[in-house]
Amino acid sequence: MVRLTTVELRRLVARRMTVVGVIGLLLITLLLLFATWLEARPSSAEEQRAAQSQYEIAHQQWVDGHVANEAACNEQWEKQPDPKPKREDMCSYPEPKPEEFGRPPTVFAELMPELLHGVSYLLLFAAFLLGASFVAAEFSTGAIGNWLTFEPRRLQVYGSKLLAAAIGFVPVAVVVLGVLVVGTYLIVDQLGSTATTTGKVWGDLLATAGRAVVLTALGAAIGGVVGLLLRHTAAAIGLAMGYLVLVEAIFGNLLNKVQPWLVKLNFDAFIRHDTTYYVNQCSSTSDGGYLCNSVLKTLTFERGAWYLGILAVILVVFGAAVFHRRDINS
């Protein structure tokens, strides 16, 4: 098995599509860093003057009117029926501060988790696509028949291909995420703020990156399964896009209570270590009406991990059964 996996790894690395895909991932990562640089740049002199002018106007309005506004609000608060809102919540008129006007500084601890989350989708899609192409190419060219003549143990061949796809994309994910994190930190350190980047923040970022690496490897393996089942890269891409559009986008939006059973939300729960979503809860009112409220729900990391793990096992086992029994020429 080790020898077969090593051979498959060499074949994966030597494929032109793999090289092009990895270069594409690195270029997109550099574009993200460039976009971060553009976003983190300090405001221009004109923007700073406009922000200062807005602050001075707002501060003067506060000086002129906050006492009267608070008095009027307190009178209204006294007339409110019970239960009353808190006085400080209803009648608070804080003094404007200069930092509240103009473009806020870019904060690494706030920006980086979202970047990691977005790039994890990119890595998953790329790994799925290249994993599917890696396996499907042998069926579309007929090379799998020659390979089985050399190594007739189908399950070992199947396992080595999936392992090679998964292992091969681990260093790719590590490099992409490493370049993104280090590059973003250096940019924000010069143009924004890294003061809140504590040891806990670094630990959370490292854990998120680690989970992204795991799902990248899993995506490559599942891509290999889909490539084996459909035998064409284009069909694998069509299946993935069809699922995203028809199931995740349309079906998931129409019936939002099924969201916990969709891949995207469980992916988010695993990457983010818990995620939230909204569900409409509707009921009849006493006056004969019908009222719907959006209720915030939480999908836990553990739930997402179990969901993705079980789904991966089912697909891998199903792919093994098909490959073991099906004629490779059919």
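Helices α5 and α9 (residues 233–254) pack with their axes 8 Å apart and at an angle of about 150°. The model is predicted, so local features are reported only at pLDDT of at least 70 and side-chain atom pairs only at pLDDT 80 or more, while totals for chains, interfaces and linings use all residues. Residues are numbered from 1 along each chain as its sequence is written, and side-chain values rest on heavy atoms, with hydrogens and water left out. Seven salt bridges are present in the structure.

**Helix packing**

- Two packed helices are described by the angle between their axes and the distance between the axes.
- Axes are lines fitted to C-alpha atoms, for helices over the stretch in contact, and angles run from 0 to 180 degrees between N-to-C directions.
- Helices (H or I, at least four residues) and strands (E, at least two) are DSSP runs, numbered from the N terminus.
- The crossing of α5 and α9 is right-handed; a crossing is right-handed if the near helix is turned clockwise from the far one by less than a right angle, and left-handed if anticlockwise.
- On the α5 side, the contact (heavy atoms within 4.5 Å) is made by Phe125, Phe128, Leu129, Ala132, Ser133 and Ala136, and on the α9 side by Thr233, Ala236, Ile237, Ala240 and Met241.
- By class, the contact of α5 with α9 comprises nine nonpolar, two polar and no charged residues; Ala, Val, Leu, Ile, Met, Phe, Trp, Tyr, Cys and Pro count as nonpolar, Asp, Glu, Lys and Arg as charged, and the others, Gly among them, as polar.
- Helix α10 (residues 263–272) packs against helix α11 (residues 301–325) at an angle of about 125°, the axes being 7 Å apart.
- This angle makes α10 oblique to α11, given that angles under 35 degrees count as roughly parallel, over 145 as roughly antiparallel, 65 to 115 as roughly perpendicular and the rest as oblique.
- The crossing of α10 and α11 is left-handed.
- Val263, Asn266, Phe267, Ala269 and Phe270 of α10 make this contact with Phe301, Arg303, Gly304, Ala305, Tyr307, Leu308 and Leu311 of α11.
- The residues in the contact of α10 with α11 are nine nonpolar, two polar and one charged.

**Salt bridges**

- Side chains of opposite charge can pair when their charged atoms come close; a salt bridge is a side-chain nitrogen of Lys or Arg within 4 Å of a carboxyl oxygen of Asp or Glu.
- Arg11 and Glu8 form a salt bridge, with an N to O distance of 3.3 Å.
- Both Arg11 and Glu8 belong to helix α1 (residues 2–14), where they are three residues apart, about one turn of the helix.
- Arg11 is partly exposed, at a relative accessible area of 25%, whereas Glu8 is buried, at 2%; buried means under 20% relative accessible area, exposed over 50%, and partly exposed in between (1.4 Å probe, protein chains only).
- A salt bridge also joins the side chains of Arg11 and Glu138, at 3.0 Å from N to O.
- This pair links distant parts of the chain, with Arg11 in helix α1 and Glu138 in helix α5 (residues 108–141), 127 residues apart.
- Glu138 is buried, with a relative accessible area of 7%.
- A network of salt bridges links Glu8, Arg11, Glu138 and Lys161.
- In the salt bridge of Arg272 with Glu114, the closest N and O atoms are 3.3 Å apart.
- Arg272 in helix α10 and Glu114 in helix α5 are 158 residues apart, and their pair links distant parts of the chain.
- Arg272 is partly exposed at 33% relative accessibility, and Glu114 is partly exposed at 46%.

**Buried helix residues**

- Ser160 lies in helix α7 (residues 154–191) and is buried at 0% relative accessibility.
- Not counting residues up to four places away in sequence, Ser160 touches Met1, Leu4, Thr5 and Glu8.
- Ala212 lies in helix α8 (residues 199–230) and is buried, with a relative accessible area of 2%.
- Ala212 touches Ser120, Leu177 and Ile271, not counting residues up to four places away in sequence.

**Loop residues with positive phi**

- Arg231, in the loop between α8 and α9, has phi near 70°, a positive value in a residue other than glycine.
- Arg231 is buried, with a relative accessible area of 10%.
- Asp274, in the loop between α10 and β1 (275–284), has phi near 100°, a positive value in a residue other than glycine.
- Asp274 is partly exposed, with a relative accessible area of 33%.
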